[in-house]
Amino acid sequence: MHLLPLGTDAARLSDRELEELYDYPPRLDRPWLQVNFVSSADGAATVAGRSQGLSSPADKKIFALGRDLSDVVLVGAGTATVEGYRGVKHTELRAERRARLGLSAIPPIAVVTGRCSIGPQTPMVADTLVPPIVLTTEAAPKSRRIDLEAAGADVVIAGDELVDLNRALDALAERGLLRVCCEGGPHLFSELIAGGLVDQLCLTIAPLLTGAGAARIAEGMPRPEPLDMELASVLTEDGFLMLRYRRA
């Protein structure tokens, strides 16, 4: 547990200290799933339909760190489309960090899409250094699956009509991808909560009030009982709170 003094200034921590704070547990033998989100102080997940209006330099640093420490980046197709996802990019810091930690050079993006709603020209397929993983279903049009495979994507059938997230995570584990960083969106997050699959939530709270209209960070599938989480760390910078909750 790395519970820092309340309100620790993120700018005072070195890159190595942030790595140690946010790193995954050692010697994993199953998929371990972290979820990253940013929200306004009144609970909105987006401003004008996108999360960018809620972010800050410190939040972006934590976001990039989540990618750097992971084996794979998990995202829903809707969020990937709205946010304009491309493949994870090479940076000198990322390359040094991942080489030192014994990770692959670049983590692939795994996109959840029950109907293969992304195409070969989608930026995350066409503009990437590492082929994406497409987690889809038997019900998805076969022609779309074939087109994505022809474009280099690793297409995984993880359900009949709906993507079974347990099967999806098992498929990632079969590929040696146990350190899973999920970047949303709200519907995928709600399904992960409902399935009891969330091990850690990294939540940045922006000092903004957006008013009614925007979705919460979890929308859609309910869970009968809440998941118990423990506060693991609190950082702050420029009025933003960076909270980290781990499964109790």
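This is a predicted model: local features need pLDDT of at least 70, side-chain atom pairs count only at pLDDT 80 or more; totals for chains, interfaces and linings use all residues.

Let us begin with Asn36, which sits in strand E2, spanning residues 32-40. Residues are numbered from 1 along each chain as its sequence is written, and side-chain values use heavy atoms, leaving out hydrogens and water.

**Around Asn36**
- With a relative accessible area of 8%, Asn36 is buried (under 20%; exposed is over 50% and partly exposed is in between, using a 1.4 Å probe and protein chains only).
- The side chains of Asn36 and Gln34 are joined by a polar contact of 3.2 Å; such a contact is a pair of N or O atoms within 3.5 Å, where one must be able to donate a hydrogen and the other to accept it.
- Setting aside residues up to four places away in sequence, Asn36 touches Ile62, Phe63, Gly66, Cys181, Cys182, Glu183 and Cys202, where contact means heavy atoms within 4.5 Å.

**Helix H1 with helix H2**
- H1 (residues 15-22) packs against H2 (residues 57-68) at an angle of about 60 degrees, and their axes are 11 Å apart. Axes are lines fitted to C-alpha atoms over the stretch in contact, and angles run from 0 to 180 degrees between N-to-C directions.
- On the H1 side, Asp15, Leu18, Glu19 and Tyr22 meet Lys61, Ile62 and Leu65 of H2.
- The residues of this contact comprise four nonpolar, no polar and three charged.

**Helix H2 with helix H4**
- The axes of H2 and H4 (residues 92-100) come within 10 Å and cross at roughly 40 degrees.
- Ala64, Leu65, Arg67 and Asp68 of H2 make the contact with Arg94, Arg97 and Arg98 of H4.
- Here the residues divide into two nonpolar, no polar and five charged.

**Around Val130**
- Val130 lies in the loop between helix H5 (123-126) and strand E5 (133-136).
- Its relative accessible area of 21% makes Val130 partly exposed.
- Leaving aside neighbours within four places in sequence, Val130 is in contact with Ile106 and Pro108.

Methods:
Helices (H or I, at least four residues) and strands (E, at least two) are DSSP runs, numbered from the N terminus. Ala, Val, Leu, Ile, Met, Phe, Trp, Tyr, Cys and Pro count as nonpolar, Asp, Glu, Lys and Arg as charged, and the others, Gly among them, as polar.
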